[in-house]
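Please read it with the sequence and coordinates at hand.

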There are 2 protein chains.
Amino acid sequence: MGLMKAETTLDRLRRGSIPYAVEKAAATEGVSSERLAAQMLDGSAVIPAGRAGRQLRLAAIGAGLRTKVNANLGTSSEMVSAHEEAAKLEMAEKAGADAVMDLSCGGDTIALRRLLLSRTNLPFGTVPVYEAAVEARESFGSIVKMGVGDLMDVVERQAIDGVDFMTIHAALTRSALKKLNAQGRVMDVVSRGGAFMIAWMLHNDRENPFYEHYDSLLEILARHDVTISLGDGLRPGCLADASDRAQIAELVTMGELASRAREAGVQAMIEGPGHVPLQDIESNVILAKKLTGGAPFYVLGPLVTDVAPGYDHITAAIGGALAGAAGADFICYVTPAEHLGLPGLEDVRQGVIAARIAAHAADIAKGSVEAAAWDRQMAEARKSLDWESQINLSMDPDKARSVYEARQSGKVEGCSMCGELCAMKLVSEHLGLEAGDIKSC
Amino acid sequence: MGLMKAETTLDRLRRGSIPYAVEKAAATEGVSSERLAAQMLDGSAVIPAGRAGRQLRLAAIGAGLRTKVNANLGTSSEMVSAHEEAAKLEMAEKAGADAVMDLSCGGDTIALRRLLLSRTNLPFGTVPVYEAAVEARESFGSIVKMGVGDLMDVVERQAIDGVDFMTIHAALTRSALKKLNAQGRVMDVVSRGGAFMIAWMLHNDRENPFYEHYDSLLEILARHDVTISLGDGLRPGCLADASDRAQIAELVTMGELASRAREAGVQAMIEGPGHVPLQDIESNVILAKKLTGGAPFYVLGPLVTDVAPGYDHITAAIGGALAGAAGADFICYVTPAEHLGLPGLEDVRQGVIAARIAAHAADIAKGSVEAAAWDRQMAEARKSLDWESQINLSMDPDKARSVYEARQSGKVEGCSMCGELCAMKLVSEHLGLEAGDIKSC
């Protein structure tokens with residue numbers, strides 16, 4: 001049977017071949033393809049790219065690589081518009097997302113996914129249990145009535161459509177759930193995928209089907225070279241629940257499942273919280289890396305406070321920057337609409353930019369020469385009061401230009417902030433001309 | 001002469017008396033007035049409150065106290081509108097600023113300051129050299145032609161008007177400037193006050209007048225019980241310049257001047273950067289505390305990247321949260337307009353809220369029981385899908401309500417994000433009813 005099986009990227013790397021995707025991603029990152037290949041083999045880097053052959057703007061995710069940013073898209077049962085989701089996709093790309101996920105739970109989710117896939121060359125992720133749940137609801141009236149085969153069929157269908165990575169909550173076992181119940185929580189479970197699994201497990205009095213049938217799942221994923229993103233269904237939904245025994249028990253299992261995925265030729269990454277107090281973020285990241293053999297760590301925020309709905313792109317940027325600096329490799333954006341509703345177009349832009357700020361600050365902290373050089377270029381443009389370069393070097397040039405132009409009277413050198421009393425002009429005049437004075441003082 | 005001198009708050013504390021302001025501020029903070037008094041005596045806390053007797057909403061700033069937030073207001077030569085500045089003041093208060101500073105450099109700065117002072121009961125700060133510079137420009141055609149007496153007169157005039165704390169760049173000495181020149185910098189000097197001092201020092205070939213005449217300055221400040229905020233005129237204006245010899249040389253002198261201020265009965269705090277890479281923020285704060293005898297540390301951001309104009313409230317919130325967690329006590333807001341122009345009304349709101357998020361995340365990290373309890377209340381409101389409480393518990397309830405209401409169809413329990421597939425409803429149904437199942441698994 002081994003002969004008939006199509007090789008995955010990991011399979012090829014194991015026999016010493018370096019696929020084109022690895023070479024290309026390595027070149028983008030400015031690392032050697034040998035180093036990136038070695039990291040993929042030891043599990044510390046992934047390149048989510050399914051077999052569908054879409055022209056991918058490849059994203060290598062892992063230690064020593066640029067911190068990447070994901071934007072979530074998708075409908076809910078209350079908000080269904082393919083047109084709007086396509087517009088959000090375009091906005092996410094324009095704002096600089098490195099990957100997108102379609103989390104749709106409303107309307108014709110299959111048609112929407114195919115539409116979005118046809119419109120982007122970014123790595124594309126999904127959470128298959130959402131679609132399985134929606135279908136089970138339509139077919140049987142309830143999520144809890146879906147069969148294990150239904151679940152696996154959705155995974156394969158999405159893989160065939162060209163999905164590059166999938167969030168699978170396989171580590172949310174009955175044993176972890178028991179720990180959650182024993183310890184108690186303020187908010188129990190806030191992961192939607194986690195909630196689906198739990199509802200199913202309790203109603204059917206069975207183990208998590210993705211856990212119980214993990215080898216079958218890996219076979220499907222390997223067949224289509226899909227990267228598994230092990231979802232944290234027990235992630236904390238508030239600061240008070242962070243780093244509890246349920247979360248860490250699930251994380252331990254995630255580490256085991258990541259190893260098994262790699263053995264089966266499937267690349268794996270690990271999803272992390274969520275809501276975490278600032279002082280615990282570094283230890284969370286270090287622990288996740290330890291327990292999962294250094295697998296790429298994909299964080300949702302984390303949000304450093306629960307009390308700022310309307311501004312959770314900011315609470316998440318704080319946590320994301322810290323997590324990134326501590327070693328997280330992939331940051332899922334959080335938009336200003338988080339905890340209040342589905343994001344609109346402008347929320348998508350705000351979310352992507354905030355996450356990119358976090359990722360970039362983290363890259364500087366990680367010692368990236370390229371990241372630091374960008375900031376230095378901006379500093380030089382500021383020093384020379386070169387506004388055109390400042391705007392072009394901005395993370396969001398459109399935004400920078402619109403704020404700048406709205407405020408300028410057109411007659412000042414410098415800006416409206418200090419007007420004629422510009423510190424930099426003043427110092428240039430005096431420090432430049434009279435530098436000799438300083439040396440003699 | 002000692003008999004004729006009016007006592008300052010510090011003088012009274014030294015002879016064992018506890019002024020009403022200290023008692024009141026201690027009660028607000030939930031600490032004993034004895035502890036706060038001890039901190040003020042050892043220099044690790046200040047209560048900026050001038051003698052003018054405005055009804056102050058007192059802010060105690062220092063170790064172990066709630067991290068405070070300042071909002072900057074003020075005109076430039078290009079944007080002058082007393083009406084707009086008054087509106088910004090109102091917005092800053094509404095958004096929850098703990099203090100405001102008037103940095104006006106344009107129009108009738110004296111009238112504007114008096115107007116703003118009459119409209120607020122928040123601690124009020126200024127940078128007197130701005131007004132001195134504007135006046136010198138009008139009277140003599142150039143900033144560099146102002147006399148030492150002119151400078152001191154402005155300080156006293158502002159103190160009489162009721163200013164509570166003043167930024168004074170007294171530690172920017174010729175010696176520090178020499179170090180800046182020897183080392184070189186990408187952006188030289190970006191502090192406007194610092195630039196004024198340097199221009200004056202170089203043109204007149206003299207030492208910094210605030211440094212040379214520091215005792216006279218302290219006499220004026222003591223006479224009006226004004227708190228000195230030692231300005232960092234050599235603060236880095238970009239990541240590349242952070243933590244250089246010029247910055248640290250100035251900081252060493254700031255420590256000396258803080259001690260001299262306290263000896264003269266004048267409360268002192270220390271201003272810090274500016275632009276600092278994420279990985280250097282903690283060490284910057286620790287060093288500042290060490291070198292200044294634990295004086296309250298007042299940071300401007302710090303911004304963790306230079307490349308995000310239009311979003312610098314976010315780059316600053318990341319740095320501010322980390323600085324606060326490391327011990328910074330007072331965070332000056334940065335608005336989305338930073339580096340592009342003067343802020344408008346909405347920028348003020350965004351800036352204050354972002355800084356409050358940073359301060360609150362820091363307070364949780366500092367172990368504040370009150371801060372953590374607020375988050376827990378929010379988590380409980382979320383758990384019970386109690387939207388009214390969620391909105392009322394928000395840091396910016398108006399914003400939370402407007403985002404929420406714009407997205408709700410009115411027919412869902414839960415929210416538009418997950419619609420009928422709300423994770424929390426699902427888990428409540430299943431985990432609540434069938435908890436016995438878990439225990440037996």
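## Charges over rings and aromatic pairs

A:Arg192 lies over the face of A:Tyr130, at 4.3 Å from the ring centre; a charge sits over a ring if NZ of Lys or CZ of Arg is within 6 Å of the ring centre and within 35 degrees of the ring normal. In chain B, B:Arg192 lies over the face of B:Tyr130, at 4.3 Å from the ring centre.

The model is predicted, so local features need pLDDT of at least 70 and side-chain atom pairs count only at pLDDT 80 or more, while totals for chains, interfaces and linings use all residues. Residues are numbered from 1 along each chain as its sequence is written, chains are lettered from A and ligands numbered from 1 in the order in which they are written, and side-chain values use heavy atoms, with hydrogens and water left out.

Over all chains, the structure holds eight aromatic pairs. Rings of Phe, Tyr and Trp (its six-membered ring) pair if their centres lie within 6.5 Å; planes under 30 degrees apart count as stacked, over 60 as edge-to-face and the rest as tilted. Two of the pairs are set out below.

| Pair | Centre to centre | Angle between planes | Class |
|---|---|---|---|
| A:Phe165 and A:Phe330 | 6.2 Å | 65° | edge-to-face |
| B:Trp387 and B:Tyr404 | 4.2 Å | 20° | stacked |

A:Phe165 belongs to strand E6 (residues 165–168) of chain A and A:Phe330 to strand E10 (residues 330–332) of chain A, so this pair ties together parts that are 165 residues apart in sequence. Helices (H or I, at least four residues) and strands (E, at least two) are DSSP runs, numbered from the N terminus. A:Phe165 is buried at 0% relative accessibility, and A:Phe330 is buried with a relative accessible area of 1%; buried means under 20% relative accessible area, exposed over 50%, and partly exposed in between (1.4 Å probe, protein chains only). Ring pairs also bring A:Tyr298 into a cluster with A:Phe165 and A:Phe330.

## Relation of the two copies

Chain B is superposed on chain A by a rotation of 180° with 0.0 Å of shift along its axis (RMSD 0.0 Å). The copies are thus related as by a two-fold rotation axis. In chain B, the C-alpha nearest the axis belongs to B:Ile318, at 2.3 Å from it. Superposition is by least squares on the C-alpha atoms of residues with pLDDT of at least 70 in both copies. Of the interface residues of chain B, 100% are also interface residues in chain A, so the copies meet through the same surface.

## Strands and core

All six residues of strand E3 (residues 68–73) of chain A are buried, so the strand is largely enclosed by the rest of the structure. A:Lys68, A:Asn70 and A:Asn72 point one way from E3(A), whereas A:Val69, A:Ala71 and A:Leu73 point the other way. E3(A) pairs in the parallel sense with E10(A) over three bridges and with strand E4 (residues 99–102) of chain A over four bridges; two strands pair if DSSP finds at least two bridges between them. A:Lys68 stands opposite A:Phe330 in E10(A), and the bridge partner of A:Asn70 in E4(A) is A:Ala99.

In E6(A), A:Phe165 and A:Thr167 point one way and A:Met166 and A:Ile168 the other, and all are buried. Two bridges join strand E5 (residues 124–126) of chain A to E6(A) in parallel, with A:Thr126 opposite A:Met166. E6(A) also pairs in the parallel sense with strand E7 (residues 227–230) of chain A over four bridges, where the bridge partner of A:Ile168 is A:Leu230.

The largest nonpolar core has 236 residues, and those with the most contacts inside it are A:Phe210, A:Ile228, B:Phe210 and B:Ile228. Such a core is a set of buried Ala, Val, Leu, Ile, Met, Phe, Trp, Tyr and Cys residues joined through side-chain atoms within 4.5 Å.

A:Gln350, in helix H15 (residues 345–365) of chain A, is buried with a relative accessible area of 14%. Leaving aside neighbours within four places in sequence, A:Gln350 is in contact (heavy atoms within 4.5 Å) with A:His313, A:Pro336 and B:Tyr311.

A:Arg401, in helix H18 (residues 397–407) of chain A, is partly exposed, with a relative accessible area of 26%.
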